[in-house]
Amino acid sequence: VAALDTLKPSDITEVKGMKSPPAGVKLVMEAVCIMKNLKPTRVKAKDGRMVDDFWETSKKMVSDTQFLKSLKDYDKDNM
């Protein structure tokens with residue numbers, strides 16, 4: 001929880017603006033989506049296969065003005 005206290009609204013804005021985020025950012029955002037039971041979108045991969053992608057879902061999630069509060073209030077003890 002202490003790490004969440006270091007995040008500022010400008011950090012969230014930066015993530016929202018990323019077109020192609022680094023792998024670490026995508027991984028963390030995917031994990032948060034899964035924790036919050038948010039569904040991925042299906043997109044076509046470079047090889048033509050359809051794959052689950054959480055990036056669009058992630059951008060919608062961080063657009064919520066209560067996003068940081070929801071993480072701080074998350075019941076991590078009962079995951």
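Modeller: Let us begin with a pair of helices: the axes of α2 and α4 come within 9 Å and cross at roughly 150°. This is a predicted model, in which local features need pLDDT of at least 70 and side-chain atom pairs count only at pLDDT 80 or more, whereas totals for chains, interfaces and linings use all residues. Residues are numbered from 1 along each chain as its sequence is written, and side-chain values use heavy atoms, with hydrogens and water left out.

Colleague: Why is α2 called roughly antiparallel to α4?

Modeller: Angles run from 0 to 180 degrees between N-to-C directions, the axes being lines fitted to C-alpha atoms, for helices over the stretch in contact. Under 35 degrees counts as roughly parallel, over 145 as roughly antiparallel, 65 to 115 as roughly perpendicular and the rest as oblique. The crossing is at roughly 150°, and that makes α2 roughly antiparallel to α4.

Colleague: Which residues of α2 and α4 meet?

Modeller: I12, V15 and K16 in α2 meet W55, K59, V62 and S63 in α4; a contact means heavy atoms within 4.5 Å. Helices (H or I, at least four residues) and strands (E, at least two) are DSSP runs, numbered from the N terminus.

Colleague: What makes α3 and α4 roughly perpendicular?

Modeller: They pack at an angle of about 70°, with their axes 9 Å apart; α3 and α4 are therefore roughly perpendicular to each other. V25, K26, M29, E30, V32 and C33 of α3 make the contact with W55, T57, S58, M61 and V62 of α4.

Colleague: Why does S58 count as buried?

Modeller: Buried means under 20% relative accessible area, exposed over 50%, and partly exposed in between, with a 1.4 Å probe and protein chains only. S58 has 1% relative accessibility, so it counts as buried. This residue of helix α4 touches M29, E30 and C33, not counting residues up to four places away in sequence.

Colleague: Why is T6 called exposed?

Modeller: The relative accessible area of T6 is 56%, so T6 is exposed. T6 is found in the loop between α1 (2–5) and α2.

Colleague: How do you know that the buried residues of α4 line one face of the helix?

Modeller: In α4, W55, T57, S58, M61 and V62 are buried. Seen down the axis of α4, these residues fall within an arc of 150°, so they line one face of the helix. The arc is that of the directions from the helix axis to the C-beta atoms. The buried residues of α4 pack against α2, α3, β1 (41–44), β2 (50–53) and α5.

Colleague: What is meant by a nonpolar core, and which residues have the most contacts inside the largest one?

Modeller: A nonpolar core is a set of buried Ala, Val, Leu, Ile, Met, Phe, Trp, Tyr and Cys residues joined through side-chain atoms within 4.5 Å. The largest has 13 residues, and those with the most contacts inside it are I12, M29, V32, M61, V62, F67 and L71. Two or more residues of this core come from each of α2 (9–16), α3 (23–35), α4 (55–63) and α5 (67–72). M29 touches W55, S58, M61, V62 and F67, not counting residues up to four places away in sequence.

Colleague: How many helices and strands does the chain have?

Modeller: The chain has 5 helices and 2 strands, running α-α-α-β-β-α-α from the N terminus on. Buried residues make up 22% of its 79 residues.
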